[in-house]
Amino acid sequence: MTPEGQSPGDTPLEIGSLLFEGLDQIDLTGPFEVFARIPNATCRLYGLTTAPVEDAAGLQLTPDGSLLDAPRLDVLHIPGGPGQEALMRDEALLSWIRRQAAEAKILFSVCTGALLCGAAGLLRGKKATTYWTVQHLLPLFGATPIDARVVVDGNLVCAGGVTSGIDGALQVAAMLRGQEVAEAIQLAMQYAPEPPFDAGAPDRAPAAAVETVRTATAALTARREETARMVAKRLGIATACLE
């Protein structure tokens with residue numbers, strides 16, 4: 001609650017993004033571009049350790065601190081990427097996500113970051129979205145999959161694949177500071193995408209492009225499904241829906 005006489009912008013915000021080896025940097029840096037422009041907000045990156053990590057394409061990123069250095073966060077931002085799959089079995093990380101999410105104003109996932117939230121048990125009974133090749137795994141975490149770029153369910157905000165994180169972050173900004181602030185951030189970023197091709201979703205992309213991406217990600221998708229089924233068993237969620 002905002003004290004009487006104060007506007008939402010008067011309340012400082014602590015925004016923390018999870019940083020890990022093998023993440024997709026746009027899942028991280030797209031929303032960071034938005035969050036860094038939110039008035040009276042502090043944005044920090046928190047890693048499993050304080051050591052630099054490489055994203056899935058080799059870009060080096062350095063955390064501001066480790067998980068233990070993070071204060072109580074108002075926004076917990078969980079990106080995705082190939083490195084996410086291994087972390088679904090990291091109980092220390094999952095416990096940290098649960099602790100932070102319990103007091104956060106907003107839990108925000110991007111791409112396969114939703115699967116990490118699911119592994120932490122935070123998607124049960126929620127509507128959610130994630131990267132299109134793994135949408136079908138969301139029921140294993142007790143979630144209802146929604147095919148949309150951004151899905152909001154209470155204080156859970158899920159963005160779909162990669163670039164959807166910018167859309168989701170703008171939604172978060174509007175929830176925290178109001179639509180006018182979010183619109184000003186969007187304009188400052190000149191975020192008005194006009195892609196040269198209408199191939200950004202599997203229902204619109206050429207069949208050859210869909211098959212290319214499915215083939216390229218098949219092995220990782222299989223590993224993610226295997227891990228998700230292990231999580232579902234731990235959470236006591238029936239897997240008959242995917243048999």
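**Figure 1. The second largest pocket of the predicted model****.** About 220 Å³ of space lies in this pocket. Its lining counts 13 residues. Closest to the centre are Pro82, Tyr131, Thr217, Leu220 and Arg224. By class, the lining residues split into 7 nonpolar, 4 polar and 2 charged.

**Figure 2. The kink in helix α7****.** Helix α7 covers residues 207-235. A kink of about 55° is centred on Ala218. The end C-alpha atoms of α7 span only 36 Å. A straight helix of 29 residues would span 42 Å, at 1.5 Å a residue.

**Figure 3. The buried residues of helix α7****.** Val210, Thr217, Leu220, Thr221 and Arg224 are among the buried residues of α7. Thr227, Ala228, Val231, Ala232 and Leu235 are buried too. An α-helix has 3.6 residues a turn, so residues three or four places apart point the same way. Thr217, Leu220 and Arg224, buried here, are also among the residues closest to the centre of the second largest pocket.

**Figure 4. The largest pocket****.** Its volume is about 710 Å³. Of the 28 lining residues, Arg149, Ser164, Gly200, Ala201 and Pro202 are the closest to the centre. Helix α7 gives the most to this lining, with 3 residues. The lining divides into 15 nonpolar, 8 polar and 5 charged residues.

Key
Residues are numbered from 1 along each chain as its sequence is written. This is a predicted model: local features need pLDDT of at least 70, side-chain atom pairs count only at pLDDT 80 or more; totals for chains, interfaces and linings use all residues. Side-chain values use heavy atoms; hydrogens and water are left out. On a 1 Å grid over the protein atoms alone, a cavity is a set of points where a 1.4 Å probe fits but cannot get out, and a pocket is an open set with protein on both sides within 12 Å along at least five of seven lines; lining residues have an atom within 4 Å of a point. Grid points are joined across faces, edges and corners, and a volume is the space filled by probe spheres set on the points. Helices (H or I, at least four residues) and strands (E, at least two) are DSSP runs, numbered from the N terminus. Ala, Val, Leu, Ile, Met, Phe, Trp, Tyr, Cys and Pro count as nonpolar, Asp, Glu, Lys and Arg as charged, and the others, Gly among them, as polar. The expected span of a helix is 1.5 Å times one less than its number of residues. The bend at a residue is the angle between axes fitted to the seven residues ending there and the seven starting there. Buried means under 20% relative accessible area, exposed over 50%, partly exposed in between (1.4 Å probe, protein chains only).
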